Amino acid sequence: MRPDVAAFDAFAPLYDLLMPATDRTALRKGLFCADREVDRCVEVGGGSGRAAREVGAAVVDPAGGMLRRARRRGLETVRGTAETLPLADDSVDAVLVVDALHHFADHDAALAEAARVLAPGGVVVVREFDRSTRRGQLLAAGERLIGFDSRFLTAAELETAVAAAGLDARPVEYGFGMTVAGVKEKE
Ligand SMILES: C[S@@+](CC[C@H](N)C(=O)[O-])C[C@H]1O[C@@H](n2cnc3c(N)ncnc32)[C@H](O)[C@@H]1O
């Protein structure tokens, strides 16, 4: 298990107590970018389901401790990693990645996998922290200090990465907390 995942596995019982509430409005703005109805939604790196429960998403995560918390919330869970999603091609309408991309081993592989599992017109919504902001720099330094292997992007880098996955990148929100949507072209 990679060190970041092992840390979340161990930290799961305390996670929800220490984390601030999810910005539901930002997620909904991202989901509105979809060019199809959003029924089937999955959160990759969804952890304890803190964000997934806001929009009724299923949770994919490699940390068993986090998945147990998500199940207690009544959410559907699947154990797996973002870089090799255990989901069929074109099988979901929306993929959320909330406060998690910076922990993934391979951003590009994760976004390519999100694009693969999306149905045409579906949307990936990435909520992250912009490392070019002052608070982003402090957060990156803090996570390094506590031993995380985090790699934060700037807004421009995130948009480029979403576009490189073959998605139509649509910035939703800029700032320390940023949101970028990527829509899969309809056939
Ligand atoms: C900061 S938590 C965010 C959890 C949730 N999205 C939220 O907003 O509360 C990051 C999550 O990413 C997961 N994670 C780390 N590496 C991963 C990977 N390669 N694929 C999928 N999830 C991963 C961790 O296990 C952890 O649950």
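Helix α7 is followed by G166, whose phi is positive, near 90 degrees; helices here are DSSP runs of H or I with at least four residues, strands are E runs of at least two, and both are numbered from the N terminus. The model is a predicted one, in which local features need pLDDT of at least 70 and side-chain atom pairs count only at pLDDT 80 or more, while totals for chains, interfaces and linings use all residues. Residues are numbered from 1 along each chain as its sequence is written.

Within α7 (residues 155-164), the buried residues are A155, L158, A161 and V162, where buried requires 20 or more other C-beta atoms, placed from the backbone, within 10 Å of the residue's own. Seen down the axis of α7, these buried residues fall within an arc of 125 degrees, so they line one face of the helix; the arc is that of the directions from the helix axis to the C-beta atoms. They pack against α5 (107-117), β5 (118-129), β6 (168-173) and β7 (177-183), contact being a separation of C-beta atoms, placed from the backbone, within 7 Å.

Elsewhere, the axes of α1 and helix α4 (residues 64-72) come within 6 Å and cross at roughly 35 degrees, with axes fitted as lines to C-alpha atoms over the stretch in contact and angles running from 0 to 180 degrees between N-to-C directions. On the α1 side the contact is made by F8, D9, A10, A12, Y15 and D16, and on the α4 side by G64, G65, M66, R68 and R69.

Helix α1 (residues 3-18) also gives the most to the shell around the ligand, with 3 residues.

Technical notes:
A residue is buried if 20 or more other C-beta atoms lie within 10 Å of its own, exposed if 12 or fewer, and partly exposed in between; C-beta atoms are placed from the backbone. Two residues are in contact if their C-beta atoms, placed from the backbone, lie within 7 Å.
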